[in-house]
Amino acid sequence: MLGSLKASIYENWMKLQGMKKEKSSNKALGFATRAIHAGQEPAGPVNSIMTPIYQTSTFVQPSPGEYHQGYDYARSANPTRTALEANLAALEGASRAFAFSSGCAAADAVMHILSSGDHVICGDDVYGGTFRLFDKVFKRLGITFSYINLENEENLRAAINPKTKMLWLESPTNPLLKVSDIEKLAAIAKEHDCITVVDNTFCSPFIQNPLSLGADIVVHSSTKYLGGHSDVIGGALMVSDTELAERIGFVQNAVGAVPAPMDCFLLLRSTKTLALRIERHSQNAQLIAEFLETSDEVESVTYPGLASHPQYELAQKQMKLAGGMVTVVLKGGLPRARRFLESVEIFSLAESLGGVESLIEHPAIMTHATIPVETRAALGISDGLVRLSVGVEAGADLLDDVKQALAASS
Ligand code: P1T
C-alpha cells in the first residue's frame, strides 16, 4: 500500500514536470540540462526557482486518509526529496530513484530485498564499509557471499550456483580502480535470474550509466560526486524495473533511512554542476596520473585514463571520462607513504572522495582497514598504496603539491 502510494506521488510529480517541459522541447535533453532542471520547476506560493526545503515531518489532512497531493508523513515522502529523486532518476536514465541517508543505508536497503539462504557474488575489491556490511551484518542473517575477481567474466560463470540471487560490483573499484565489463557481467547474471547491482559512486552518472548496460540497480554514495562539496552524507538507488522499484520503495519506507530535507536540497544544488565538476576532476586526475607514471619515486600508478591501465580499452568504451580517482604505490612502503601523506599541502589527508577539494588517504589504515590483512595483501592493497581524490582546484597547483610532497618524503 505505502509502496504504491509513494509511486503515485512520484508519478504525479513527474507528470507536473513533464507537462511544463513538453512546452519548450520534445527532444531528449542533454545531461547538463537534465542535471539543472529535472524534477525541478518554480514552486510554492511565490514560484521560487529553487525547490523549497520542506522542513516538516508531517502534512495536514483535510479529512482522515485524504492526503494533499499524496503526502501524509515525511518518512514516506517529502516534496524536497521527491524533487531530488526525480532529478537523480533522470541522471541515471532510471524510471525511479530512491534517496537514503548514506551510501551504506542505500546498500542496506538493497540487501533487504534478499532472504536468508540467498547467495551474493561480490567483486573482490569494494569499499571497506560495503564489505563490512556484508560480512558482519548480512552474513549473520544467513546470506552467503563469494568475493571474486570480476575482471574476467568466466570467474562469474564459475561462481554462480542455484542460490545466487545477486551480483554486486564496483567499476572502477575502490581503491584499486579495476574496471570490469558491466554489460557482459550483467548478461551472464541475467541468464541465471540474478540481479546485477552496480555501485556507480566512483563514476557518477555523468561518466557511466549501468542501467543502460543491463544492470538492474545502481547504487550511489551521494556523499561523493553527487554531493561534491563534502558537506552531506547521503545515498541513492536507481532502478528501471517496476517490481524492483516497488520492493525498494517498500524497504525505504519500512526501514526509514531517509535523508533530511536540507540534505536533499544541498544535493539538488550540487547535481546542477556535476557535469562541470566531473570534467575538471578528470582533467586534473589525468595530469597527476601522467606525472606520477614518470616519477622514479613511484612503484606503480593506476588510473583508467592511462594507456598502462590493464583494462584501458574497456574503460575507453565503457566510461565517458576517466574520473577523479588515482591510486599510486610509492616506493618505500608505509614509512614513505606516511611521510608523503603528511607532506601534502593542498591535498587534505581525509577519508571520502568526490568533493571539490582534493583529498588523499591510506586505504590499508583508513577506508579499507576492515578488510582482513591477508585479503588486502592478496588484492594488492599494500602499505605503500595511497589513494588520491583529485579535486577541481587549479591543476598546476595540485601537480606542484604532489611534486613537493614526493620530494619532502624521499
Ligand atoms: O559513506 P557512505 O555515504 O555511507 O557511502 C559508502 C560508500 C559506498 N560505496 C562506495 C564506492 C564508497 O566509496 C563509499 C564510501 N567511501 C568512502 C568513505 C571512502 O573514503 O572510500
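Modeller: Let's start with the rule: a salt bridge is a side-chain nitrogen of Lys or Arg within 4 Å of a carboxyl oxygen of Asp or Glu. By that rule the count in this predicted model comes to 11 salt bridges.

Biologist: What makes Glu-85 and Arg-81 a salt bridge?

Modeller: Their side chains meet at 3.4 Å, N to O. The cut-off is 4 Å, so the pair passes. In general, side chains of opposite charge can pair when their charged atoms come close.

Biologist: Why are Glu-85 and Arg-81 separated by about one helical turn?

Modeller: Both sit in helix α3, residues 79-92, and they are 4 residues apart there, which means about one helical turn between them.

Biologist: On to the domains. Where is the chain divided?

Modeller: Domain 1 takes 2-271 and domain 2 takes 276-409. Their C-alpha centres lie 27 Å apart.

Biologist: How do you know that domain 1 and domain 2 are in contact?

Modeller: The test is heavy atoms within 4.5 Å. On that basis, 38 residues of domain 1 are in contact with 41 residues of domain 2. The area buried between them is about 3,000 Å², and carbon and sulfur atoms give 61% of it. On the domain 1 side, Phe-206, Ile-207 and Tyr-225 lose the most area, together 23% of what that side buries.

Biologist: What is the count of salt bridges between domain 1 and domain 2?

Modeller: It's 0. Polar contacts are there, though: 16 residue pairs between the two domains, with both residues at pLDDT 80 or more. As for who supplies the domain 1 side, α5 (128-138), α7 (182-191), α8 (204-207) and α10 (261-271) each bring at least two residues. α5 gives the most, with 4 residues. By class, that side has 16 nonpolar, 14 polar and 8 charged residues.

Biologist: Now the ligand. Which residues come nearest?

Modeller: Of the 18 residues around the ligand, those are Asp-199, Ser-221, Thr-223, Ser-352 and Arg-387.

Biologist: Asn-174 has a peptide bond worth a look. What makes the bond between Asn-174 and Pro-175 stand out?

Modeller: It's a cis peptide bond, with omega about 10 degrees. Pro-175 lies in the loop between β4 and α7. Pro-172 lies in the loop between β4 (164-170) and α7 as well, and a cis peptide bond joins Ser-171 to Pro-172, omega about -5 degrees.

Key
Residues numbered from 1 in each chain as written. Predicted model: local features only at pLDDT ≥ 70, side-chain atom pairs only at ≥ 80, totals over all residues. Heavy atoms only, no water. Domains from an automatic or database assignment. Buried area = accessible area lost by both parts, 1.4 Å probe. Polar contact = N/O pair within 3.5 Å; in protein donor to acceptor, adjacent residues only side chain to side chain. Nonpolar A, V, L, I, M, F, W, Y, C, P; charged D, E, K, R; others polar. Near = heavy atom within 4 Å.
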